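Keep the structure open beside you as you read.

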Amino acid sequence: MKIQIGSLPVYFPYDRIYPEQYEYMVELYRVIHTNDQSKSNKEKRKTSSGMKHGTAMTAMFEMPRATGHLTCMLSLICSLLFHERETTTRMSGNWSKLVFCTNSVIQMEKVMEECKFVYQYIKKHVVVANEGAMVDDDLTLEYPDLEAGLTAVGFSSKKNLCIHPSIVIDSPEDSRVDAQCRSITASWIREAARSDPTLTTCSYYDGWEQQEKTNQFKLPFGVHTIHDLHAMGRKEGWCPYFTTKKAVQYADIVVYCYSNLLDPKISSTVSDHLSKECIVVFDDAYKIDTVSSELFSVHVDEPVLRQIKQGIRLLENRVQRYFSIIVISYVTIVRTLFVLGEGMHIEPLFFSCSCTIV
Amino acid sequence: MHNSVKDNEMGTRRLQEEYQRLVSGLSPPVEPSDELPALPIRTIDLLPSYVVPGNIRQPEHFVVLLKRFFGFIHGYMTDPDMKHKGETADNFVELIQREALIEENILKYFTHRLNSLLNALQIRNTYEYRGVRILSDLATMLGSQRQGFYVTVDPYDDRTPTSFDPVLQLTCLDPAFALVPSTQKFKMIVFQSSVLPAMSMYAKLLSINPIASRSFPFTYPRNCLCPVVLSRGSDQVAVSTQRKARLDPSVVRNYGALLVELSKYTPDGIVAFFPSFHYMEEMLARWNDMGLITTIQRFKLVVAETTSPTETALALQNYRRACDSGRGALMFSIARGSVADSVDFDGKYGRAVVMFGIPFSEVDTKLMKAKLDLFERKYNVSAEDYLTFDALRHTSHCITKGLHNKRDYGLAILADRRYNKEDKRRLLPRWVQDQTPENHLNLSTEALMQICRRFLKEIAQPIDMSDVQLLTEQDINLLSKKIHTE
């Protein structure tokens, strides 16, 4: 059905709607629209305890289970995004973007499936409704061959996005796959592989790097689940992880786990470039306070202590191998310079370290 | 031989180049393939530039510092005293300065230095260095941000007090901490859930001031959920999991009797949640001694969640098989465990959910005390309010697990007399409260079973879909016209 909420035509993928679903969409629209109106006067507000609030408009919704809240939200937001892109150009104002955060990868998949369903419904109706409408000149320049649409991606870790046949996913830890990926994609490995063909490299990474250089590749319009990204990557020869990571910046809808936005170890490379025009949704947020404080907690137990000990020993061996040579060469340089009478400023601590000549 | 000499020379040259970079504070951009996990610091807390201080520029000296820091941490954790420790992060850093002789402003560079070194040494298998990474992250966090952070050491697991198993934890006590960069940056943030009780509590803890806090109703011609509160057993003894009452033989027997009755009359799957593993194990043992488990097994397969993920996965698999192929199963689980977090019991897998008691968290630990203290000071939230809120949101999450679409249905049994109290019930989601009439409260086992059995019989009847209040496009248009003219 197509219903009017405020000034926005909303496409809902069913013929009938429950009252609370309609109420929810109206409320969501109202909240987003309020934000637009007061965009010009953003002031920081303080609570009684003197805490400064951020400038984001926030809203809290308790929507019962089994009421299809995902369908409602995605219908409203997709309709909003389509409407924006049809009625304004990118130049006249920044377009909105949806960043949807879920608790787990399984949840994320569910959201992507729902998004696909809603998107296909809207696309059918919007294109039909706008047949013969005038296309804005600026839009044709930007996308000369593509018709209007939205790009939606689901992003996760390398463990879930890697398609290289030699990568073994034998543990739930992300860092295991990260290390394997690094062994075949690190810049020095790729460099060495040019002269040594026995070294394994990743053709998908190379494929991605190649298209990055041309700087014009963007994922096509549509909703891309992890499964879709795997298939596209295999067919066209690019790495789903790096391509999707880049897509997070330009996609209209991004769905990923909380940690990609809140954990700085991950978010600084994934989400830092997101513009402030994003509508961020924390879904299933009943435990968000515990989840967010856990992201900034460090846990050290016996197995970790053993790992640290081993790691430091490995590091020490590697450094010892090279450092002894540095020490000799630096001491030689310094002695030579003093002999020559060059008054160079050398850090004093360097001398105390340099006595261990191996 | 020639190759290794050449390798060493190359390695040396790379370390020299790295040294130059560290001196100047300039680093060339790292290729995406070589990127390592970034600093565990919020962007707003990052220093404008990371010019590594002189005494950790040399890789050997950095390794020495890592060893010294590790030695300190190890010593702190493995104190032969076997006492629980708790310090604010500020005090802990002072301790590091005193005993490990590492200045606070050196600590903040650890992760940056490590990343630089791992790349200069061209380390491929970063998995081998994950321990060192954790150590460096710990140092970096302690060096950069300490407000609202707390360090604890627990020398043993409470269930095995004689077995030495030390755990050190740096915890962020402040829930708003992680969200601040987002609330300061984005134009709009929506928090949503099917369970979001006491929204004012969330608003305080997350330091936000929402422009809308709405709880939506659940419209359907009949109730899909049957929430009932068990207050006492057939012997009129009140049931509760309060410390002083929980192991009373009458309470144990009454709780067991509830499960036996449910197993007889509920089709397919039943999930029973407990406040803790310890309590669950204790109850299972006692029920077994009383022969109640044997009785239940005549009607349902009995499976239980354990601390091992593989065993739990197997238990879930068997649970589903039993529900698929016949009379169903009874699953014992923990309110705050991984099953409660991530497993959905839709349709026949969740025909009844029982919450034994109120899942309060452990209050006696140093960590919880520090947390409650912070909430009191910074957010004006009393310990009692927070603990009740926290327990009830877990209860709400558990008992609504059985509902997946409007054709789904289930029993939601709150087995504790304390649920009768208004201050507990108002923390249930509004749509659950709407489905809880007065006669569902303060029940004895027989009265409860009567209500449940009637509910199950009625709900299994087909529903006349014309009764369902769905709106069409025309209805909405009329509705919005009405709103406009008003």
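## The largest cavity

The largest cavity has a volume of about 110 Å³. Here a cavity is a set of points on a 1 Å grid over the protein atoms alone where a 1.4 Å probe fits but cannot get out; points are joined across faces, edges and corners, and the volume is the space filled by probe spheres set on them. By this rule there are 5 cavities of 30 Å³ or more.

This is a predicted model, in which local features need pLDDT of at least 70 and side-chain atom pairs count only at pLDDT 80 or more, while totals for chains, interfaces and linings use all residues. Residues are numbered from 1 along each chain as its sequence is written, chains are lettered from A and ligands numbered from 1 in the order in which they are written, and side-chain values use heavy atoms, with hydrogens and water left out.

## What lines it

The lining (residues with an atom within 4 Å of a point) of the largest cavity has 15 residues, and C162(A), I163(A), C181(A), C202(A) and C239(A) lie nearest its centre. Sorted by class, the lining holds 12 nonpolar, 2 polar and 1 charged. Ala, Val, Leu, Ile, Met, Phe, Trp, Tyr, Cys and Pro count as nonpolar, Asp, Glu, Lys and Arg as charged, and the others, Gly among them, as polar.

Which helix gives the largest share of this lining? It is α6(A), with 3 residues. At least two lining residues each come from α5 (158–161), α6 (174–185), α8 (203–214) and α10 (240–250) of chain A. Helices are DSSP runs (H or I, at least four residues), numbered from the N terminus.

## Two of these helices together

α8(A) and α10(A) pack with their axes 8 Å apart, at an angle of about 35 degrees. Axes are lines fitted to C-alpha atoms over the stretch in contact, and angles run from 0 to 180 degrees between N-to-C directions. Y205(A), W208(A), Q211(A) and E212(A) of α8(A) meet F242(A), T243(A) and K246(A) of α10(A), where contact means heavy atoms within 4.5 Å. This contact has 3 nonpolar, 2 polar and 2 charged residues.

## A helix pair in chain B

In chain B, the axes of α5 (residues 110–120) and α6 (residues 130–144) come within 7 Å and cross at roughly 145 degrees. Among the residues in contact are F110(B) and L114(B) of α5(B), and V132(B) and A139(B) of α6(B). By class, 5 nonpolar, 4 polar and 2 charged residues make this contact.

Notes
On a 1 Å grid over the protein atoms alone, a cavity is a set of points where a 1.4 Å probe fits but cannot get out, and a pocket is an open set with protein on both sides within 12 Å along at least five of seven lines; lining residues have an atom within 4 Å of a point.
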